[in-house]
Amino acid sequence: MQNHDDDPSDGLSRRHALECMIWAGTGVLWTMAGGVPTSRIIGEAQAAETQGFSFLQVSDSHVGFNKPANPDALATLKEAVSKIKGLAHKPSFMIHTGDITHLSKDKEFDDAAQVLSTTGLEGYYVPGEHDVIDEGRGKSYLARYGTKHTRGAGWTSFDQNGVHFIGLVNVLNLKAGGLGNLGDEQLAWLAADLKGRSKSTPIVVFAHVPLWTIYPKWGWGTDDGAKALAMLKPFGSVTVLNGHIHQIVQKVEGNMTFHTARSTAFPQPKPGKAKSPGPMKVPAEDLRKFLGLTTVNYVQSSKPLAVVDQTLAAI
Amino acid sequence: MSRSQSSRHGRTERLASISKGRFVPLALASSLAVFCLVLPPHAATAWAADGKVAAVNIDNFTFTPPVLTIAVGTTVTWTNRDDIPHTVVENDRNFRSAAIDTDEQFSHKFNTPGEINYFCSLHPHMTGKIVVKP
């Protein structure tokens with residue numbers, strides 16, 4: 001079977017496209033037409049021409065973080081919001097893949113909510129591990145982001161424009177030596193949520209910690225993530241959006257596209273390239289090249305789902 | 001109970017004396033213990049068995065030392081040197097810290113002999129062990 005990653009039909013194989021994107025910090029347009037994924041390097045203007053609806057993925061804002069890697073995470077979140085307001089094609093809504101706050105403090109939740117509300121976009125949230133370290137271990141998060149549609153620690157699903165969205169929580173009840181955790185109750189809920197849905201329904205799943213294994217030594221994976229992915233595999237188009245690792249990692253496997261987003265607060269090192277996955281210090285003038293937002297474009301007529309990353313640096 | 005209470009009380013008095021610059025004659029082992037307590041935090045090192053306090057450093061997402069042996073009744077203090085918060089949670093959740101931010105500390109007194117395994121609930125690949133000797 002041909003490995004699409006090395007298919008040079010565009011004159012630029014996907015592997016090289018990914019490498020170029022990560023180095024240059026420009027946008028990558030992923031499209032899936034007829035079930036065959038292809039990618040091209042594009043500018044923001046080209047992305048804006050894409051018809052259909054789009055939504056935003058914001059991640060790892062860490063409001064309250066104030067260490068050398070970024071002395072003011074709230075300020076860079078405000079810059080990200082300015083970018084959102086300046087997008088040529090206004091997204092339909094935004095999802096936040098967690099670590100909204102840095103220490104689960106009330107003021108951090110309040111500040112984040114205030115800044116994100118200025119986007120004028122409806123938001124769907126899942127918590128990161130930094131959002132559930134209050135005394136109630138997640139109660140502060142649920143007080144703000146629990147709705148009549150969320151269950152348990154805050155998992156949820158909703159439909160937009162014929163696409164089924166599922167928000168999962170994999171940052172609670174973690175075990176020593178383990179990775180992220182979904183838990184049996186949530187997995188049972190997921191099975192029930194997917195039951196009876198047409199396999200041609202496009203699905204977008206979002207959760208904080210990567211649902212697939214990227215680098216277990218640094219906790220970049222979910223212990224029971226494979227169980228969730230197995231339930232999703234029969235569907236024709238599945239997009240998995242995660243955060244947590246503060247850098248972009250992508251892969252396509254069959255009908256499933258995986259993407260992790262940049263943070264709006266600070267970058268983290270590539271797997272194994274530092275002693276630990278802590279905040280990575282870069283020269284202050286370069287910080288914004290490592291921070292970013294993701295726009296996902298969905299075009300209904302030919303069923304592609306395009307994921308475009310942009311940094312906070314001026315293009 | 002009274003023995004440990006009086007030695008704690010005595011230690012506080014000796015601490016106050018040393019910080020005012022007066023020398024108080026003591027048994028050698030006890031004065032060493034008190035001297036270590038007044039060192040600045042970054043000079044603290046893990047040490048075992050002799051005193052009633054011990055230290056674990058959290059650095060680069062690692063508990064150091066990963067295995068610490070102490071005498072029963074010792075208080076262990078964890079100090080976070082990372083630019084990211086961590087927690088200390090006993091594997092079965094018998095005790096847990098709040099979030100420990102950079103340069104913050106968490107202390108726990110171990111009153112029962114045995115082996116206590118713990119981890120960081122934010123970064124569960126970080127694990128450690130306290131061995132409490134009778």
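Q: Which residues in α3(A) meet residues in α4(A)?
A: Contact here means that two C-beta atoms, placed from the backbone, lie within 7 Å. By that test Leu74(A), Leu77(A), Lys78(A) and Val81(A) of α3(A) meet Asp111(A), Ala112(A), Val115(A) and Leu116(A) of α4(A). The residues of this contact are six nonpolar, no polar and two charged; Ala, Val, Leu, Ile, Met, Phe, Trp, Tyr, Cys and Pro count as nonpolar, Asp, Glu, Lys and Arg as charged, and the others, Gly among them, as polar. This is a predicted model, where local features need pLDDT of at least 70, side-chain atom pairs count only at pLDDT 80 or more, and totals for chains, interfaces and linings use all residues. Residues are numbered from 1 along each chain as its sequence is written, with chains lettered from A and ligands numbered from 1 in the order in which they are written.

Q: At what angle do α3(A) and α4(A) pack?
A: Two packed helices are described by the angle between their axes and the distance between the axes. Here the angle is about 20°, and the axes are 9 Å apart. The two helices are therefore roughly parallel (an angle under 35 degrees).

Q: Which residues touch the most other members of the largest nonpolar core?
A: In soluble globular proteins, nonpolar side chains tend to be buried together. In this core of 83 residues, they are Leu168(A), Val169(A), Val205(A), Ala207(A) and Val76(B). Helix α3 of chain A, residues 73-85, gives the largest share, six residues. Core members are buried Ala, Val, Leu, Ile, Met, Phe, Trp, Tyr and Cys joined through C-beta atoms within 7 Å, buried meaning 20 or more other C-beta atoms within 10 Å.

Q: How much of chain A is buried?
A: Buried residues are 47% of its 315 residues.

Terms used
A residue is buried if 20 or more other C-beta atoms lie within 10 Å of its own, exposed if 12 or fewer, and partly exposed in between; C-beta atoms are placed from the backbone. Helices (H or I, at least four residues) and strands (E, at least two) are DSSP runs, numbered from the N terminus. Axes are lines fitted to C-alpha atoms, for helices over the stretch in contact, and angles run from 0 to 180 degrees between N-to-C directions. Angles under 35 degrees count as roughly parallel, over 145 as roughly antiparallel, 65 to 115 as roughly perpendicular and the rest as oblique.
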